[in-house]
Amino acid sequence: TPINADGTSERRGVEVAATVRPTADIDLGLTYTYLHAEEADGATEVRRPKHEGGVSATWRFLPGASASVDARYVAGAKDLDFRAPFVAGKRVNLDDYLLVDVAASYQVTDGVEAYGRVSNLLDEDYEEVFGFDAPGVVVFLGLRARW
């Protein structure tokens, strides 16, 4: 509900992240989050995944050009099923999912950058909120100008 529940919810966990630069042109990243989140009544909080991990790589090539890939795996999330009247408010497990994004950019001039990004490259079917599908493949293209 949009109303805060009485009591105190508790969250505890671990978050780690590391980035390495094996060469001057490559960055590699790794992240992981473990979250244990409970409501005041001891129930697992909804929309708070228990596990979330990611890997990333960025390659800088040519003067002013770069490309990157990011992958994120999300597991152990729950939500509430509000389909009335039979199961309204029942907790459901959301499916685990893997998202892969790719991006590239090129510095055209000192003040102009061309860029592109593809989100959800593998067209993963997933839900962050029960009953609401997240977008499929999304493509962004653009120019950034600074003056």
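# A predicted antiparallel sheet and its residues

Histidine 51 counts as partly exposed because its relative accessible area is 31%, which lies between the 20% limit for buried and the 50% limit for exposed residues. The model described here is predicted. Histidine 51 belongs to strand E3. Setting aside residues within four places in sequence, the contacts of histidine 51 are Tyr32, Thr33, Tyr34, Tyr73, Val74 and Ala75. One of these, tyrosine 73, is 22 residues away in sequence, with a C-alpha to C-alpha distance of 8.0 Å from histidine 51.

## The sheet

The model contains an open sheet of seven strands, with antiparallel pairing and the order E1-E2-E3-E4-E7-E8-E11. Strands E1 and E11 (138-145) form the edges; each has a single partner strand, so one side of each has no neighbour in the sheet. From one strand to the next, the twist averages 10 degrees. Strands of a sheet pair through backbone hydrogen bonds, in either a parallel or an antiparallel sense.

| Strand pair | Sense | Bridges |
|---|---|---|
| E1 and E2 | antiparallel | twelve |
| E2 (residues 26-38) and E3 (residues 51-61) | antiparallel | nine |
| E3 and E4 (residues 65-75) | antiparallel | eleven |
| E4 and E7 (residues 97-107) | antiparallel | ten |

Valine 20 has leucine 28 of E2 as its bridge partner, and E1 and E2 form a hairpin with two residues between them. Isoleucine 26 stands opposite tryptophan 59 of E3. Glutamate 52 faces valine 74 of E4, while serine 68 faces alanine 103 of E7. The hairpin of E3 and E4 has three residues between the strands, and in this hairpin leucine 62 adopts a positive phi near 55 degrees.

Aspartate 27 is placed in strand E2. Its relative accessible area is 17%, so aspartate 27 is buried, the limit for that class being under 20%. Beyond its neighbours within four places in sequence, aspartate 27 contacts Val20, Arg21, Ser56, Ala57, Thr58 and Arg60. Serine 68 is 41 residues from aspartate 27 in sequence, and their C-alpha atoms are 9.2 Å apart.

## Core and aromatic residues

The largest nonpolar core consists of five residues: Val74, Tyr97, Leu99, Tyr126 and Ala134.

Two aromatic pairs are counted in the model. Such a pair of rings is described by the distance of the centres and the angle of the planes. Charged side chains are also placed over rings. The charged end of arginine 117 sits over the ring of phenylalanine 140, at 4.1 Å from the ring centre. Arginine 144 has its charged end over the ring of tyrosine 115, again 4.1 Å from the centre.

Most residues other than glycine have a negative phi. Arginine 47 has a positive phi of about 60 degrees, although it is not a glycine. This residue, arginine 47, lies in the loop that connects E2 and E3. Its relative accessibility is 43%, so arginine 47 counts as partly exposed.

Asparagine 120 is likewise not a glycine, and has a positive phi of about 55 degrees. The loop between strand E8 (112-119) and strand E9 (127-129) holds asparagine 120. Is asparagine 120 buried or exposed? With 3% relative accessibility, asparagine 120 counts as buried.

Glycine 7 lies in the segment before strand E1 (10-23). Its relative accessible area of 61% is over the 50% cut-off, so glycine 7 is exposed. Along the chain, glycine 7 and alanine 40 are 33 residues apart, yet their C-alpha atoms are separated by 5.1 Å.

Terms used
Residues are numbered from 1 along each chain as its sequence is written. This is a predicted model: local features need pLDDT of at least 70, side-chain atom pairs count only at pLDDT 80 or more; totals for chains, interfaces and linings use all residues. Side-chain values use heavy atoms; hydrogens and water are left out. A nonpolar core is a set of buried Ala, Val, Leu, Ile, Met, Phe, Trp, Tyr and Cys residues joined through side-chain atoms within 4.5 Å. Buried means under 20% relative accessible area, exposed over 50%, partly exposed in between (1.4 Å probe, protein chains only). Rings of Phe, Tyr and Trp (its six-membered ring) pair if their centres lie within 6.5 Å; planes under 30 degrees apart count as stacked, over 60 as edge-to-face and the rest as tilted. A charge sits over a ring if NZ of Lys or CZ of Arg is within 6 Å of the ring centre and within 35 degrees of the ring normal. Helices (H or I, at least four residues) and strands (E, at least two) are DSSP runs, numbered from the N terminus. Two strands pair if DSSP finds at least two bridges between them. Axes are lines fitted to C-alpha atoms, for helices over the stretch in contact, and angles run from 0 to 180 degrees between N-to-C directions. Contact means heavy atoms within 4.5 Å.
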